[in-house]
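Here is a short briefing for a first look at this structure. Topics are grouped so that each can be read alone.

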Amino acid sequence: MIPIPDEALSTIAELRRALHACAEPSGCEVRTKETIRRFLTEHTTLELHDCGAGFYGVHREADAAAPSIALRADYDALALEEGGAAHLCGHDGHAAALCGTALLTEGRRIGRSVYFLFQSAEETGRGAAGCLELFSREHVDEIYGAHNLPGYPFGRIFTRRGTFACASRGLAVHLTGVGAHAAYPELGVSPAGALGRLLLALPALEERFAPEDGARCTIIGARLGEEAFGSAPGSAELWLTLRAGRDAPLEALCNLAVQTVKNAAAEAKLGCEITVHDPFPATVNDDGCAQKILRACSGALLPEPMRWSEDFGHYLRVCRGAFFGVGAGGTQPPLHNPAYEYPDALLAPTMRAFLQILEDR
């Protein structure tokens with residue numbers, strides 16, 4: 001087992017707490033990015049380069065024999081309904097652990113070039129797409145990323161061959177009719193009936209798919225009218241999230257959902273507008289790279305994909321690689337729970353996993 005010096009752990013834990021304190025929502029991570037860059041400038045000799053809205057640092061070995069590897073961490077926080085943001089998904093820990101990995105490779109000959117990729121806007125699915133320019137600028141053979149997993153044995157490494165995390169897409173539906181006086185609703189065109197039918201019909205679309213497709217249609221919210229007892233509403237809104245284990249069944253589910261909405265709107269003589277939000281590709285691991293994680297980290301296989309999504313899937317479309325999870329313990333609150341905070345004790349096993357992957361031949 002690779003030892004992690006206490007002094008390095010203390011330094012990285014302090015960084016994690018600093019990142020936690022300056023949580024910023026996706027696309028607005030100005031202080032967060034500067035804090036990470038300043039840490040790397042002060043503690044390492046890495047080349048730092050902007051990449052999309054994020055950046056990467058390079059440990060370059062010109063005569064390296066082993067394939068080059070990129071390691072990625074996200075650093076955005078979860079936007080809160082009341083405004084502001086909070087690190088309720090542990091990206092502060094992800095970024096700190098990758099900084100710690102860079103710290104522990106400083107001045108060492110590893111036998112390969114390493115790219116430390118720090119990415120914004122994972123929560124909205126927009127950050128990875130902008131960082132794809134890394135692969136046109138640099139020669140990257142493999143890429144790896146990690147996420148903490150509350151509810152799983154502490155410090156244990158988990159991965160999968162094939163899909164690690166599901167593809168997903170949000171749909172926002174706006175139905176437009178004609179409002180009327182509540183005493184004469186027949187003089188308007190109400191979206192109420194269509195909205196009610198859609199609330200039942202859309203989740204039922206899951207039944208058209210095979211269990212292995214992992215198709216899910218979740219109603220996120222709906223809005224119809226207001227507390228005005230003299231008026232019959234003329235518009236309604238509906239929000240849903242679609243998921244599947246691969247990109248193809250997600251596309252099929254999305255097409256079915258859109259057609260179902262359009263049919264309901266046409267039948268009720270309503271106008272209809274549908275917009276797409278937070279699209280995530282499936283995170284599909286390369287079998288060989290997943291095997292490397294299992295071998296290097298004494299990892300275990302997850303029995304099924306995570307239902308949540310990860311924009312790390314964008315990288316795996318253009319480069320071999322794999323994503324893995326690090327168990328955060330059975331008593332840790334779940335991700336996105338208001339009581340969640342990344343445990344500092346998880347920094348060491350995460351850093352160790354990255355280092356073991358770098359050393360694996």
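**Pockets, cavity and local features**

By class, the lining of the second largest pocket has six nonpolar, three polar and eight charged residues. Here Ala, Val, Leu, Ile, Met, Phe, Trp, Tyr, Cys and Pro count as nonpolar, Asp, Glu, Lys and Arg as charged, and the others, Gly among them, as polar. The model is predicted: local features need pLDDT of at least 70, side-chain atom pairs count only at pLDDT 80 or more, and totals for chains, interfaces and linings use all residues. Residues are numbered from 1 along each chain as its sequence is written, and side-chain values use heavy atoms, with hydrogens and water left out.

**Second largest pocket**

- A pocket is an open set of points on a 1 Å grid over the protein atoms alone, with protein on both sides within 12 Å along at least five of seven lines. A cavity is a set of points where a 1.4 Å probe fits but cannot get out. Lining residues have an atom within 4 Å of a point.
- The volume of the second largest pocket is about 310 Å³. A volume is the space filled by probe spheres set on the points, and points are joined across faces, edges and corners.
- This pocket has 17 lining residues. Nearest its centre lie Pro211, Asp213, Gly214, Ala215 and Arg216.

**Largest pocket**

- The largest pocket holds about 1100 Å³ of space. It is lined by 34 residues, and Leu78, Glu123, Arg243, Asp278 and His336 are the closest to its centre.
- Strands E4 (78-79), E10 (167-176), E12 (216-224), E14 (235-244) and E15 (271-280) each supply at least two lining residues. Strands (E, at least two residues) and helices (H or I, at least four) are DSSP runs, numbered from the N terminus.
- E10 gives the largest share of this lining, five residues.
- The lining has 14 nonpolar, 10 polar and 10 charged residues.

**Cavity**

- The whole structure has one cavity of 30 Å³ or more. The largest cavity has a volume of about 60 Å³.
- Strand E3 (69-74), strand E7 (142-149) and helix H10 (347-359) each give two or more residues to its lining. The largest share, three residues, comes from E7.
- Among the lining residues are Arg72, His94, Asn148 and Tyr342. By class, five are nonpolar, four polar and one charged.

**Cysteines**

- The disulfide count is zero, where a disulfide is a pair of cysteine sulfur atoms within 2.5 Å.
- Cys217 has its closest cysteine sulfur in Cys254, 9.8 Å away, which is too far for a bond. Cys217 is buried at 3% relative accessibility. Buried means under 20% relative accessible area, exposed over 50%, and partly exposed in between, with a 1.4 Å probe and protein chains only.
- For Cys297, the closest cysteine sulfur is in Cys289, 12 Å away and too far for a bond. Cys297 is also buried, at 10%.

**Helix H6**

- Helix H6 (residues 192-204) has 13 residues and should span 18 Å at 1.5 Å a residue. The expected span is 1.5 Å times one less than the number of residues. The end C-alpha atoms are 19 Å apart, which agrees.
- H6 bends by about 30 degrees at Leu198. The bend is the angle between axes fitted to the seven residues ending there and the seven starting there.
- Its buried residues are Ala194, Leu195, Leu198 and Leu202.

**Positive phi**

- Most residues other than glycine have a negative phi.
- Ala121 has a positive phi near 50 degrees. Ala121 sits in the loop between strand E6 (114-119) and helix H4 (127-131), and is buried at 7% relative accessibility.
- Lys269 has a positive phi near 60 degrees. Lys269 lies in the loop between helix H7 (247-267) and E15, and is exposed at 70%.
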